[in-house]
Amino acid sequence: MNKTETNNIWKVISASSVGTLIEWYDFYIFGSLAVVISTKFFPSDNPTAAFLSTLATFAAGFVVRPFGALFFGRLGDLIGRKYTFMVTLLLMGGATFLIGCIPSYDQIGFLAPLLVLLLRLLQGLALGGEYGGAATYVAEHAPRNKRGYWTSWIQTTATIGLFVSLMVILLTKGAMSKEAFEDWGWRIPFWVSILMVLVSYMIRKSMHESPVFAKAKSEGKTSTNPLKESFGNKYNLKFVLLALFGATMGQGVVWYTGQFYAMNFMKTVMNVESSEVDTLLGIALLFATPFFVVFGWLSDKIGRKMIMMSGLLLAIFCYRPIYKAMYQHTDVALKQEIVEKIKVEPSMKEVDATHLDSIYTTNKAYTDGTTLEEIKTIHFEKGVVMKDDKGKDKMETKVSKKLGDGANGFLILMVFIQVIFVTMVYGPIAAFLVEMFPVKIRYTSMSLPYHVGNGIFGGLLPAISTYLVTTSKDAGNPEFYLEGLWYPIVIAAVCFVIGMIYLDKKINTLHD
């Protein structure tokens with residue numbers, strides 16, 4: 001490539017990446033704030049059920065992504081890549097802004113979770129059309145022997161979008177009190193989105209159509225019915241299914257295990273303080289993100305298949321040891337306690353005319369710098385201790401851990417390793433998918449397996465894995481915290497076997 005061509009591709013990368021990054025930010029801000037959102041839009045009398053409902057709503061956005069892929073993929077193959085993902089950008093930004101405006105469950109009841117669900121569905125539809133357009137657009141500008149490298153920059157946007165969402169949350173938390181953030185400040189990251197979307201829209205507005213698609217359109221070689229040609233043709237359908245079950249299905253569960261499941265695991269299973277989890281996850285993502293480009297570049301040299309399959313294999317065998325080490329490293333039962341301070345507030349804190357609470361706070365410190373705060377709230381009614389269904393005192397217990405530097409560094413390393421697995425399976429995937437399908441149906445054909453793999457198999461992971469952990473804990477399983485990993489391990493293993501047997505290097509040379 002000469003200097004002019006290089007400058008041109010960088011403009012394409014920048015315009016595509018900024019918009020895609022913002023869409024991922026919009027999509028993942030919901031997941032990053034899942035713990036807070038569960039207390040705002042769902043009934044608060046059962047925190048576990050509220051959190052699972054939030055994860056289910058989060059997953060709903062993923063479930064509809066394949067429908068967005070079909071709808072917007074068809075438009076992209078009919079009218080062009082540029083205009084299609086400009087529409088998805090505005091749809092995503094508008095839905096995100098409106099989520100930040102919805103009144104809480106206490107204010108409007110079940111209408112609150114219903115509105116959140118509807119907006120999450122709109123976000124899922126928009127994202128279903130965004131990724132395929134951006135990846136196709138960049139790939140069709142890039143030289144054939146450097147597609148892995150150039151499209152890998154698009155792959156970084158998902159992780160950077162999550163990183164930016166975490167940083168915006170941390171900055172917002174730092175600018176106000178904890179009470180103010182939990183009351184209304186959590187809405188600010190949703191509102192900020194609309195400004196970023198408008199800037200991205202102005203950047204994309206000046207972009208030109210993909211030269212490959214423009215040429216095909218001028219020659220009358222575009223498809224008149226992309227859906228029928230993509231999925232009604234047995235030959236092409238075979239490649240769609242192979243892309244799904246031999247690549248994107250496993251890539252999806254590895255992606256969400258290494259980033260979202262790790263975050264939820266630390267917050268809800270390990271009880272690590274939320275802001276501390278956001279910080280250490282942000283650090284791990286910052287150091288691991290460049291490896292998307294490394295493995296994208298390497299896939300141009302040695303092929304896409306072996307890099308992706310190696311990432312799947314490492315994840316399959318390493319997940320359980322990694323999460324066991326994470327859990328045990330922060331288990332205070334294994335630490336040496338050096339001091340115990342108990343602060344009791346015996347005076348009743350009035351809640352309303354008839355309900356009173358007594359709050360007890362216990363603080364413990366350990367030799368490695370970890371501190372444990374346990375807050376117990378005993379509920380009273382008219383001065384009498386309230387009883388549960390079994391006749392025991394009605395009590396709520398909230399435990400949070402603040403980690404020492406050693407524990408923090410260890411968790412950063414564990415998340416970093418998991419994200420490396422992500423970069424191996426995700427870095428080459430865009431070029432891999434683009435090369436599987438012809439230009440006239442490329443947007444439609446690559447979008448569906450990608451979004452089924454990520455939206456269905458990957459998007460359901462937080463809810464399914466959290467449910468498996470919860471039920472195993474209730475059953476008294478001492479290693480309950482590892483049970484949620486069976487879902488990504490099994491899915492990744494099936495994908496690895498299919499990919500190793502049926503993926504062939506020749507597949508990706510058919511439509512060069």
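Visitor: Leaving aside neighbours within four places in sequence, which residues is Val 168 in contact with?
Guide: Val 168 touches Tyr 25 and Pro 189, where contact means heavy atoms within 4.5 Å. This is a predicted model, in which local features need pLDDT of at least 70, side-chain atom pairs count only at pLDDT 80 or more, and totals for chains, interfaces and linings use all residues. Residues are numbered from 1 along each chain as its sequence is written, and side-chain values use heavy atoms, leaving out hydrogens and water.

Visitor: How far apart are Val 168 and Pro 189?
Guide: They are 21 residues apart in sequence and 6.3 Å apart in space, C-alpha to C-alpha.

Visitor: Why is Val 168 called buried?
Guide: Buried means under 20% relative accessible area, exposed over 50%, and partly exposed in between (1.4 Å probe, protein chains only). Val 168 has 18%, so it counts as buried.

Visitor: And where is Val 168 found?
Guide: In helix α8, residues 147-174. Helices are DSSP runs of H or I with at least four residues, strands are runs of E with at least two, and both are numbered from the N terminus.

Visitor: Is Lys 173 buried or partly exposed, and why?
Guide: Lys 173 has 22% relative accessibility, so it counts as partly exposed.

Visitor: What makes Lys 173 and Asp 278 a salt bridge?
Guide: The term asks for a side-chain nitrogen of Lys or Arg within 4 Å of a carboxyl oxygen of Asp or Glu. Here the N to O distance is 3.7 Å, and the pair is a salt bridge. This pair links distant parts of the chain, with Lys 173 in helix α8 and Asp 278 in helix α14 (residues 274-288), 105 residues apart. Asp 278 has a relative accessible area of 0%, so it is buried.

Visitor: How many salt bridges does the structure hold?
Guide: Eight. One of them joins Glu 140 and Arg 442, with the closest N and O atoms 3.3 Å apart.

Visitor: What does the pair of Glu 140 and Arg 442 tie together?
Guide: Glu 140 lies in the loop between α7 (111-139) and α8, and Arg 442 in helix α19 (residues 442-458), so the pair ties together parts that are 302 residues apart in sequence. Both Glu 140 and Arg 442 are buried.

Visitor: How do you know that Asp 300 forms a salt bridge with Arg 304?
Guide: Their closest N and O atoms are 2.8 Å apart. Salt bridges that share partners also join Arg 147, Asp 300, Arg 304 and Glu 435 into one network.
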